[in-house]
Amino acid sequence: MAANVVEVHQVSKLFRVDGQVVHALDNVSLHASEGEFVSLVGPSGCGKSTLLNLICGLMEPDSGSISLHGDERPRLGRVGLMPQQDLLMPWRRLIDNVLLGPEIQRRDRAQAEAEARSLLPMFGLEGFADSYPAQLSGGMRQRAALLRTMLCHASAIALDEPFGALDALTRRGMRDWLLQVWARFRQTVLFVTHDVDEAIYLSDRVIVFSPRPGTVVLEAPIPLPRPRLPQHSDTREAIAVRKQLLAALGL
């Protein structure tokens, strides 16, 4: 059985907003194993993005614990994070944007750039190394943002609704492409989405959160074979899981 890369144990988080206490997460426990693709779904404001920020070490829980590979040391820099917006720097060329992580890690620039350039074709960015973000389509910007995340070589990556701003057709193509990239690198993935069908298509497990304060109400394994194909979304197994997830969401 694969070892757990990420373990969240009874984590709660509160914020103070305009003088009022907002209870974002309540007693959340979950895990993600080595090479596993886990999606988090739930209503807006239920704390999914907060949980990713906690796992990545951008903030600390008020109670509970988070460990990476069984280690509770500071997590900052040990998990790759791709936020909802691509956050590419408009004044930097694509190649310079994707090298931001290695640059912060003070890795050898020539080696990191050679690796980045070798991966441009896989990420659909061949021929655009010297382009600026304004010259790229939305899908290309998202692929560049994911390449930037991958180049940090973290054993786990957190993707916070990475396709949310894309049109439906582009989004569908990006799902298949993401699975191809994941099959190549096999990092542990925590993926936040509001799209139940997207979660089913991509994931090994889907975790459903309640409305705020967010807590886990369902953990559903996805009984579909890999590699995933579009027709898998219409199988009896997929339809049964969809009903289960929608019921847990109160839909």
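Author: Terms first. On a 1 Å grid over the protein atoms alone, a pocket is an open set of points with protein on both sides within 12 Å along at least five of seven lines, and its lining residues have an atom within 4 Å of a point. A cavity is a set where a 1.4 Å probe fits but cannot get out. Grid points are joined across faces, edges and corners, and a volume is the space filled by probe spheres set on the points.

Reader: And the ground rules for the model?

Author: This is a predicted model: local features need pLDDT of at least 70, side-chain atom pairs count only at pLDDT 80 or more, and totals for chains, interfaces and linings use all residues. Residues are numbered from 1 along each chain as its sequence is written, and side-chain values use heavy atoms, with hydrogens and water left out.

Reader: OK. How much space is in the largest pocket?

Author: About 530 Å³.

Reader: Which residues lie nearest its centre?

Author: Val79, Gly80, Leu81, Ile104 and Cys152, out of 17 lining residues. Strand E5 (80-82), helix H3 (100-104) and helix H5 (138-150) each give two or more residues to that lining. H3 has the largest share, with three. Helices (H or I, at least four residues) and strands (E, at least two) are DSSP runs, numbered from the N terminus.

Reader: How does the lining divide by residue type?

Author: 10 nonpolar, five polar and two charged. Asp, Glu, Lys and Arg count as charged; Ala, Val, Leu, Ile, Met, Phe, Trp, Tyr, Cys and Pro as nonpolar; the others, Gly among them, as polar.

Reader: New topic. What's the strand order in the six-stranded sheet?

Author: E5-E6-E7-E3-E8-E9, an open sheet with mixed pairing. E5 and strand E9 (216-221) are the edges, each pairing on one side only. Two strands pair if DSSP finds at least two bridges between them.

Reader: In which sense do E3 and E7 pair?

Author: Parallel, over four bridges, with E3 at residues 37-41 and E7 at residues 188-192. Leu40 has Val192 in E7 as its bridge partner.

Reader: Now rings. How many aromatic pairs?

Author: Four. Rings of Phe, Tyr and Trp (its six-membered ring) pair if their centres lie within 6.5 Å; planes under 30 degrees apart are stacked, over 60 edge-to-face, the rest tilted. Phe37 and Phe191 sit 5.7 Å apart by ring centres with planes at 45°, so that pair is tilted. Phe37 is in E3 and Phe191 in E7, 154 residues apart.

Reader: Is Phe37 buried or exposed?

Author: Buried, at 0% relative accessibility. Phe191 is buried too, also with 0%. Buried means under 20% relative accessible area, exposed over 50%, partly exposed in between (1.4 Å probe, protein chains only).

Reader: What about Phe123 and Trp177?

Author: Edge-to-face, 5.3 Å centre to centre, with 75° between the planes. Phe123 lies in the loop between helix H4 (109-119) and H5, and Trp177 in helix H6 (residues 168-185), so the pair ties together parts 54 residues apart in sequence. Trp177 is buried, at 10% relative accessible area.

Reader: Which residues form the aromatic cluster?

Author: Phe37, Phe163, Trp182 and Phe191.

Reader: Last one: how do E1 and E2 pair?

Author: Antiparallel, over 10 bridges, with E1 at residues 4-17 and E2 at residues 20-33. Arg16 stands opposite Val21 in E2. Their hairpin has two residues between the strands, and Asp18 there takes a positive phi near 50°. E1 also runs antiparallel to strand E4 (residues 63-68), joined by five bridges.
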